[in-house]
Amino acid sequence: MKNFEDGFSITYQEIIRQQSGWKKALEDLKKEKIKHLEILNQFKDKVWVFTGCGTSFYLAQTASNLFEMLTGIPTKAVPSSEILIYPKLVLNPVTQYLLVPISRSGTSTEVVKAAQKVKKEFSIPILAVSCDANSQLIKNSDFNLTFPFEKEQSVVMTGSFTTMLLSIIHLASLLVDDEELVNKLKNLADESHRIMKKFESRIMEIANDNNLNHFVFLGQGPFLGLANEAALKIQEMSISLSQSYHTLEFRHGPKSTASDNTLITILLSESGKAYEAHLADDMKTLGTKTFILQGENYSNLCDKSHYLINVPANYGDIFNSFMYLPLLQLLGYYKALSKNINPDNPKNLSAVVTFETKYDGDHENQ
Ligand code: F1P
């Protein structure tokens, strides 16, 4: 068995193979078009509640914004634990919902219990999204989005995030009669892989700046979920201090912790790029280093950033997540290597989080 000491990393392999996985998933999802359109038509007048745990919650945040931007269907995103603990803050009695639990394994305790609780106590239908078509979550659901997926051996989620997100974008695209959207979906995997390989050395350069030990990731709208995920990745893989916020929120207090050991990464959006670029320039006065990810058609809004990666023009706020995230996953991976930490074996973590509870569905067992 090859291992980290031999220079092999399963996490790295799973990061760089993810785009080929997208192609396989899309091919399979296309065959389910009729079934998926039926789901959309049955629930397009409901509020779609996306939920998950850890990385899958950040995926839920990103997916809910992108799904609503594409379809106009109202959505919200909550951690599955909130459904268990404060269900009435998530689900009100006058609104009709569809629950969309998201889980790589389909077995994390909170997400499985949340789906059971919602179905049993609130009679809300479940559309589950998982990389494991045979998981408990899928078996307990009314509908599902599953696809062929090479099971991840790594603890941290990488391609599972982007492939499950892509399955949700594909579902949304069925409601949008837009040829340009279909073409972007078709070209996305090749373009993302090209960008990932083109800028891998730039990411290594950033990760090897040993003066940087505090990482802030900023994003608005669908890029907040991505910023949260990027912060978690660098924490999990490299045991580094990281924070994430709505981009413009950073000025309102959190910037007090910024120093010349800080790297502020801004995931620029089409909608907010002027505001976000201005913040990037502001931050330079704090002595921090800035790393901007943006569409190349955003022109030189951030010509003062220390690090800048331009992704292909016109993929915009719907698809730039798929350009940005593989690079941010590599940042966490190479930061781990720079600290001689094995990203395949994150401290205190397991690939799936399950635990026994006193609670059995809707009442406490004494
Ligand atoms: C999600 C999760 C990840 C975490 C780690 C363990 O599990 O908790 O968020 O980063 O990889 O698994 P799942 O419900 O998506 O399987």
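Which residues surrounding the ligand are the closest? The ligand is surrounded by 13 residues, with T55, S56, S105, S108 and E236 the closest; a residue counts as near if one of its heavy atoms lies within 4 Å of the molecule. The model is predicted, so that local features need pLDDT of at least 70 and side-chain atom pairs count only at pLDDT 80 or more, while totals for chains, interfaces and linings use all residues. Residues are numbered from 1 along each chain as its sequence is written, and side-chain values use heavy atoms, with hydrogens and water left out.

The shell around the ligand consists of four nonpolar, seven polar and two charged residues, where Ala, Val, Leu, Ile, Met, Phe, Trp, Tyr, Cys and Pro count as nonpolar, Asp, Glu, Lys and Arg as charged, and the others, Gly among them, as polar. Polar contacts are pairs of N or O atoms within 3.5 Å. A polar side-chain atom of S56 is 2.5 Å from a ligand oxygen atom, and a side-chain N or O atom of S108 lies 2.5 Å from an oxygen atom of the ligand. A polar backbone atom of A351 lies 3.2 Å from a ligand oxygen atom. The protein buries 96% of the 390 Å² that the ligand exposes when taken alone, by the Shrake-Rupley method with a 1.4 Å probe.

An open sheet is formed by five strands in the order β2-β1-β3-β4-β5, with parallel pairing. Strands are DSSP runs (E, at least two residues), numbered from the N terminus, and two strands pair if DSSP finds at least two bridges between them. Strands β2 (75-79) and β5 (143-145) are the edges, each pairing on one side only.

Notes. A polar contact is a pair of N or O atoms within 3.5 Å; within protein, one must be able to donate a hydrogen and the other to accept it, and residues adjacent in sequence count only if both atoms are side-chain atoms. Helices (H or I, at least four residues) and strands (E, at least two) are DSSP runs, numbered from the N terminus.
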